[in-house]
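Welcome! Take a look at it first, and then read on.

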Amino acid sequence: MKKRLVAMLLCVALLVAFPATAFAQTNPPAARCMPAPAGQAQMLRLQVMVMQANAEIDLLVLWAKITPYDDVDWLLSQVDRITGRVFDYADSIGATVVCDYEPHWIDGQTVLVDTLRVVNV
C-alpha cells in the first residue's frame with residue numbers, strides 16, 4: 001500500500017514539475033520580430049515548395065500503385081508538371097534543385113520517379 005502511495009505521489013510531482021520547466025527559455029522579443037532577409041526568405045519558400053512537391057509526387061506514386069490500370073504515362077506527366085514549377089522558381093531566384101531518382105514498381109514495371117532536393121548555394 002505504501003509503495004502505491006509513494007509511486008502516485010512521485011508521478012504527480014513529476015507531472016507538476018515538467019510543465020513548469022518546459023517553456024522556461026524564451027526568445028528575446030527583438031529576435032522574434034525581425035523579418036528574414038530577402039534571399040533567406042526565398043530559399044525558405046523554395047524548400048517549402050520542394051517539400052510540397054515531394055509530398056504530391058509520393059501521393060501520385062501511391063495512387064498509381066493502387067489503381068489496376070496502366071497509368072505510368074499519366075504519372076510521369078504529372079511529375080513533370082509538378083517539378084517544372086519548382087525548377088522555374090529555383091531558376092528565378094538563382095538556386096539549384098536536383099532530382100534524386102527512386103525506383104518504384106508500378107503496373108508490372110520499374111519506374112524511376114524523381115524526387116527533388118535543394119542544393120545549398
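Does Glu56 count as buried, exposed or partly exposed? Glu56 counts as partly exposed, because its relative accessibility is 34%, which lies between the 20% and 50% cut-offs. Please keep in mind that this is a predicted model.

**Salt bridges**
- The count of salt bridges comes to two.
- In one of them, the side chain of Glu56 meets that of Arg85, at 3.5 Å from N to O.
- This pair links distant parts of the chain, with Glu56 in helix α3 and Arg85 in helix α4, 29 residues apart.
- Arg85 is partly exposed, at 43% relative accessibility.
- Arg117 forms a salt bridge with Asp100, and their closest N and O atoms are 3.0 Å apart.
- Here strand β2 holds Arg117 and strand β1 holds Asp100, 17 residues apart.
- Arg117 is partly exposed at 43% relative accessibility, and Asp100 is partly exposed at 30%.

**The largest nonpolar core**
- This core has 22 residues, and those touching the most other members include Leu46, Val50, Leu75 and Val113.
- Two or more residues come from each of α3, α4 (72-93), β1 (96-106) and β2 (109-119).
- Helix α3 gives the most, with eight residues.
- Leaving aside residues up to four places away in sequence, Val113 touches several residues, among them Ile57, Val61, Leu75 and Asp100.

**A look at Gln47**
- Gln47 sits in helix α3, which covers residues 38-66.
- Gln47 is partly exposed, with a relative accessible area of 32%.
- Gln47 and Ala90 are 43 residues apart in sequence, and their C-alpha atoms are 9.8 Å apart in space.

Methods: Residues numbered from 1 in each chain as written. Predicted model: local features only at pLDDT ≥ 70, side-chain atom pairs only at ≥ 80, totals over all residues. Heavy atoms only, no water. Helix = DSSP H or I, 4+ residues; strand = E, 2+ residues; numbered from the N terminus. Buried < 20%, exposed > 50% of the residue type's maximum accessible area, 1.4 Å probe, protein only. Core = buried A, V, L, I, M, F, W, Y, C linked by side-chain atoms within 4.5 Å. Contact = heavy atoms within 4.5 Å. Salt bridge = Lys/Arg side-chain N within 4 Å of Asp/Glu carboxyl O.
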